[in-house]
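Visitor: I am new to this structure and would like to understand the words used for it. Could you show it to me and then take my questions one at a time?

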Amino acid sequence: MMSMIVLTHCIGAVGMIDKSIKKLKPTMKAQVIGSYDDYSQGELDLTDGVDAFFRKRVEWWQATELHTSFKLKPDRVREVHSKILEKPKPERIEFWSSNTVQDEMFLIVALWMLYLEGFDLDQCFIRRRDADLLPHTLNLLHLPEMLKFFSESTASIIDIDLYSQAREAVSKGSFDEISGFVEKHTNDRPLIRALQTFLLRSPEHNEGLGVIERALLAGATRELKSSAYTIGNAMGFLLGSIDLINETFLFNRLVELSKVTSDPLFTLRGDTRKIRTCKVQLTQKGEALRERYSLSIS
């Protein structure tokens, strides 16, 4: 009986993946592990070892201004790593991916962790969903769709050298370093496409205004509206992108932009820790910037 670990960034997809494997490969001994952390947010210092990395991730989560209910607990931050180590090493490791920025960042980090813990990276494979299919994320697939994905997809060997180079670029915490790495490779690879999309968060790499700020400006109005309404619009603006920035981080950035002391883009009213009760409106400067970049929800 072959033993396998399946790793996915989509924590919500774990149950469906597990059911699919049991149905189509009943003799396979598989453990499915999903990630709670979004490695596309915050710095990824992959230079000082696993313990130092997770200590810094916990510190980052605690330092954010997110409401307590949105912050990951320390055990959740390290859960993937803990589960990988709690059982004997498997004969095979598969990453199940929908080719998003979040999937690729997770893969960079997970491969690094596996390497440091002595796993054979030659036994690591990736099973990708067609990049042209919507919705992007695996956690939105129902069981028939997941079964179809599993039965029709092929697990491919991972280019470990490419991901090692990406890890070095990402670890330096610089958009310019990532840009330099991307420029050295063709954009037909999912990792390169994901990092090209990630670069759009940087104003310097997106014509002076990052994609998160663009989305928030597109989602807000001069009328005082619920933050949930604004964030929903912002997510609609991002629809079709492979950078699936969730509502928690969009709201956190909205709050940050409202606290700019000189001429902010947004005005917030109410509890800025709670997306449901907080209200938001564009300032005059925000409206002008929205018009300058022709931002709207299509």
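The talk below goes through the sheets, the helices and a few single residues.

Guide: This is a predicted model, in which local features need pLDDT of at least 70 and side-chain atom pairs count only at pLDDT 80 or more, while totals for chains, interfaces and linings use all residues. Residues are numbered from 1 along each chain as its sequence is written, and side-chain values use heavy atoms, with hydrogens and water left out.

Visitor: What makes strand 2 and strand 5 the edges of their sheet?

Guide: The open sheet has five strands in the order 2-1-3-4-5, with mixed pairing. Strand 2 (29–34) and strand 5 (155–157) each have a single partner strand, so one side of each is left without a neighbour in the sheet. Strands are DSSP runs of E with at least two residues, and helices are runs of H or I with at least four, numbered from the N terminus.

Visitor: How do you know that strand 1 and strand 2 pair?

Guide: Two strands pair if DSSP finds at least two bridges between them. Strand 1 (residues 3–8) and strand 2 are joined in the parallel sense over six bridges, and therefore they meet that definition. Within this pair, Leu-7 stands opposite Ile-33 of strand 2. Further along the sheet, strand 3 and strand 4 run parallel and are joined by five bridges, with Arg-128 in strand 4 as the bridge partner of Ser-97.

Visitor: Why is strand 4 called largely enclosed?

Guide: A residue is buried under 20% relative accessible area, exposed over 50% and partly exposed in between, with a 1.4 Å probe and protein chains only. Four of the five residues of strand 4 (residues 124–128) are buried, so the rest of the structure largely encloses this strand. Helix 10 (residues 211–219) is likewise described as largely enclosed, because nine of its nine residues are buried. Those buried residues pack against helix 11 (227–238), helix 12, strand 7, strand 8 and helix 13 (284–292), where contact means heavy atoms within 4.5 Å.

Visitor: What makes helix 5 and helix 9 roughly perpendicular?

Guide: Helix 5 (residues 101–116) and helix 9 (residues 190–199) pack at an angle of about 115°, with their axes 9 Å apart. Angles under 35 degrees count as roughly parallel, over 145 as roughly antiparallel, 65 to 115 as roughly perpendicular and the rest as oblique, and helix 5 and helix 9 are therefore called roughly perpendicular. In this contact, Val-101, Glu-104, Met-105 and Ile-108 of helix 5 meet residues of helix 9 that include Pro-190, Leu-191 and Phe-198.

Visitor: What is the arrangement of the sheet with the order 6-8-7?

Guide: This open sheet has three strands, with antiparallel pairing. Its edge strands are strand 6 (225–226) and strand 7 (266–269), each of which pairs on one side only. Strand 7 is joined to strand 8 (residues 279–282) by four bridges, and in strand 8 the bridge partner of Arg-269 is Lys-279.

Visitor: Why does Asp-263 count as partly exposed, and why does Ser-294 count as exposed?

Guide: Asp-263 has 46% relative accessibility, so it counts as partly exposed, whereas Ser-294, at 62%, counts as exposed. Asp-263 lies in the loop between helix 12 and strand 7 and has a positive phi of about 55° although it is not a glycine. Ser-294 is found in the segment after helix 13, and its phi is positive too, near 55°.

Technical notes: Axes fitted to C-alpha atoms, helices over the stretch in contact; angles between N-to-C directions.
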